[in-house]
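Open the model in your viewer and keep the selection panel at hand. We will go stop by stop.

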Amino acid sequence: MTDQRAERPVVRTHAEAVAVAQDPDTYSSRVSRFLQVPNGMDGAEHAAMRRLLAPFLSPARMAALRPALERTAAGLLDPLADGTALDAVGDLGSHYAVRAQSAWLGWSPGLEDELIAWMAANHEATRSGELARTREVAERFDRIIAAIIAARREPGAAHDLTWELVHTRDEDGRTLPDPVLVSILRNWTGGDLGSLALCAGVVVGWLVADGSRQDEWRGLDDASLDAAIDEVLRIDDPFTSNRRVTTREVRVAGRDVPAGTQLVIDWTRANRDPAVFGDPDRYDPAGNADRNLVYGTGPHACPGRSLATLELRVLTRALLSRFRLESGGRGVRALFPLGGWESLPVVLRAPRPAAHPPRAAR
């Protein structure tokens, strides 16, 4: 497949990726023909929307969500026996992503099959690069979201997080119009469902490849485990790129370009820049944490980082507390513009019994 970025400037170094992402006045995020809230906004409009949505992703909200995510992971893993073979992306990551997002948003479990099918169709459309196909899949998802919004406006609707969003008022005291609500929920779920599944595949794949890390990770506290997962995602970054558009004539990626030029930030390359990380495959969670660009940087850094971090930590702990992870065969890498694994066979094994010191002789 032809690289759609071929004629666009592509930012590949860590230093330039940071410079572009932290300069929204020169490199605008208004790159799509479709409404994208909040990631397709700039300036005061973007800041106001981030302030409005921040409470839904607050530390308090995440702390309250954690038990529900732990139940979600347990419900997915507890029925699985020693020797179960599955796909870490399609069987594990995708189903966990849908159930975890539904737990956060208050959506019905009955939507799971529909959302799983949509995720598969969205990946196919993304890989195809065909605008008409991508639009059809996006419109299909928007219809799902519109029905959910309409249900939350019905008298007696449950007061879940989606209900709160539908009834939220902006800084001028107005409720958000339907296109904005649809865009927010598309941003929260449409992208995050596939991204979380890819992240799960990357983390599982790394733990399978370096089995000694499984015991190490079982003993990590929450902050250390979060840093470890972030470092694995840096090494094998599933978030390949973002677009920006120049607002003035500028030199970027070794080229002089006029205003209105679309460019690509290649996060995968930036996160593996030898000038910053030395050997990009060297695992160093503490040493690389402040330079890790998995969730971006600048005013458009991923607003859902706290949610994704919690979801991945809960799933990883649940897996490692129940199983040893072994390779189930050769995986298939995802094709650009996706990253990570398309599929990754893994076998779940019962954990080895803990070693006990010999009993003292009487």
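Angles between axes under 35 degrees count as roughly parallel, over 145 as roughly antiparallel, 65 to 115 as roughly perpendicular, and the rest as oblique. The model is predicted: local features need pLDDT of at least 70, side-chain atom pairs count only at pLDDT 80 or more, and totals for chains, interfaces and linings use all residues. Residues are numbered from 1 along each chain as its sequence is written, and side-chain values use heavy atoms, with hydrogens and water left out.

**Stop 1: two helices**

Select residues 222–235, helix α10, and residues 305–322, helix α14. Helices here are DSSP runs of H or I with at least four residues; strands are runs of E with at least two; both are numbered from the N terminus. α10 and α14 pack at an angle of about 100 degrees, their axes 10 Å apart. Axes are lines fitted to C-alpha atoms, for helices over the stretch in contact, and angles run from 0 to 180 degrees between N-to-C directions. The pair is therefore roughly perpendicular.

Now show side chains. From α10, D222, L225, D226, I229, D230 and L233 meet R305, T309, L312, R313, T316 and R317 of α14. Contact means heavy atoms within 4.5 Å. The residues of this contact divide into 4 nonpolar, 2 polar and 6 charged. Nonpolar covers Ala, Val, Leu, Ile, Met, Phe, Trp, Tyr, Cys and Pro; charged covers Asp, Glu, Lys and Arg; the others, Gly among them, are polar.

**Stop 2: V166**

Select V166, in helix α7 (residues 161–166). Is V166 buried or exposed? Buried means under 20% relative accessible area, exposed over 50%, partly exposed in between (1.4 Å probe, protein chains only). V166 is buried, at 3%. Leaving out residues up to four places away in sequence, V166 touches I149, R152, R153, T175 and L181. Then pick A209: 43 residues from V166 in sequence, and 44 Å away, C-alpha to C-alpha.

**Stop 3: strand β11**

Select residues 345–349, strand β11. Strand β3 (residues 84–87) pairs with β11 in the antiparallel sense over 4 bridges. Two strands pair if DSSP finds at least two bridges between them. Strand β8 (residues 324–327) is also antiparallel to β11, joined by 4 bridges.

**Stop 4: two cysteines**

C199 is buried at 2% relative accessibility; C302 is partly exposed at 32%.
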